[in-house]
Amino acid sequence: MIKRLTIGVIFWLASGAVLAQLTAEQETAKSKGLALYQQSDWYDSQPLLEIAAGAGDKEAQYYLGEAIRLSKRYMTAEAQKWYEAAAKQGDLFAMLRLGDSDDLCHTLGTCTVSGPEWRAQALDLAYERAEKGDTEAMLVLFTAGEGLVWLEKAAEAGDSYAQQLLASSYKNGKDWFLTLNNRNKAIIKLLKASAEGGFAPGMFEYSLAIAPDNAGEAARWLERAANLGYVNAVVEYAANLGGLSETYKLPRDFIKGSALMRMAVGISPENTIRLEMLKEIEQKLDERQLAQSKLLTDELMAALPPLSYFVPVYGY
């Protein structure tokens, strides 16, 4: 009880503090660090995130903790330090991460964090915020195992990520439906709402779901998701333009298809499947077209947002 009260007092003191005001340079470092993190670059994102985290930015502190944990594959003292810094500013996901009893550090005997106390604090605050309509708090409760109902509440409240996640849960057999047709209708409805809410993974999954019956509409959602930088959509769009897939019945554009695929390869050069797909499309280009494709890659990288996997807040 004493430990829990101590955490509560720390949070109470921090809650009255002024949020960190980053300089332009710190904001730029944070943005670049988050972009690398969203490309699953757990290493190169760290020094950039640390610039903003050290200045007191709660979001940077949480993601720096995540990047360190993911690069080491378990909670380290350094990751714990940044999670605690974010948690003391009220970050519920940081509290939940500190309370994760499944982390490898428990097996290794290196955990020093008071997990149960942080988890209890996270749940207390999440219930309080969720009752006021905070959808992030609802997602925290769902993530913490407090029931699918909280994910459904977040989706009903219009959270586009929650809508996509709930659709995936239904696809995986969660909840009960009278018929398979009713389940499929619910999935499509959620994915459409997620897509219309602007969530790129929701757009992509919605496009895949409707492609067999409405390839034209599906292609429009695929292109929108790709234009938002969602890696999976970029790869699928490139494959269809490059003649490697007929899912969306797109007209062939080998120059643009190879340019897009080259972008995806650029953030994951170790991905041999994408590399082979790029080579297959490039075989259809002559020397002049290949040069055009490489130039287009540079133009697209300048015009589009940084490619992203849209890693969930409480991800891997």
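Visitor: What share of the contacts in the protein chain with a separation of 6 or more comes from residues 24 or more positions apart?
Guide: In this predicted model, such residues account for 55% of those contacts.

Visitor: And how many helices and strands are there?
Guide: The protein chain has 18 helices and 0 strands.

Visitor: How much of the chain counts as buried?
Guide: Of its 316 residues, 47% do. The chain exposes about 15800 Å², and 54% of that is supplied by carbon and sulfur atoms.

Visitor: Which residues touch the most other members in the largest nonpolar core?
Guide: Tyr 62, Tyr 248, Leu 260 and Met 261, out of 90 residues in that core. Helix H15, residues 231-241, gives the largest share of this core, with 8 residues.

Visitor: Take Tyr 248. What is it in contact with, leaving aside neighbours within four places in sequence?
Guide: Its partners include Phe 204, Leu 208, Leu 222, Glu 236 and Asn 240. Several alanines are also among them, including Ala 211 and Ala 215.

Visitor: Is Ser 40 buried, exposed or partly exposed?
Guide: Ser 40 counts as partly exposed because its relative accessibility is 28%, and that class lies between 20% and 50%.

Visitor: What about Arg 73, where is that?
Guide: Arg 73 is in the loop between helix H4 (58-72) and helix H5 (77-87). Arg 73 has a positive phi too, about 75 degrees.

Visitor: Buried or exposed?
Guide: Arg 73 is exposed, at 71% relative accessible area.

Conventions
Residues numbered from 1 in each chain as written. Predicted model: local features only at pLDDT ≥ 70, side-chain atom pairs only at ≥ 80, totals over all residues. Heavy atoms only, no water. Buried < 20%, exposed > 50% of the residue type's maximum accessible area, 1.4 Å probe, protein only. Helix = DSSP H or I, 4+ residues; strand = E, 2+ residues; numbered from the N terminus. Core = buried A, V, L, I, M, F, W, Y, C linked by side-chain atoms within 4.5 Å. Contact = heavy atoms within 4.5 Å. Areas by Shrake-Rupley, 256 points an atom, 1.4 Å probe, with all protein chains shown as cover.
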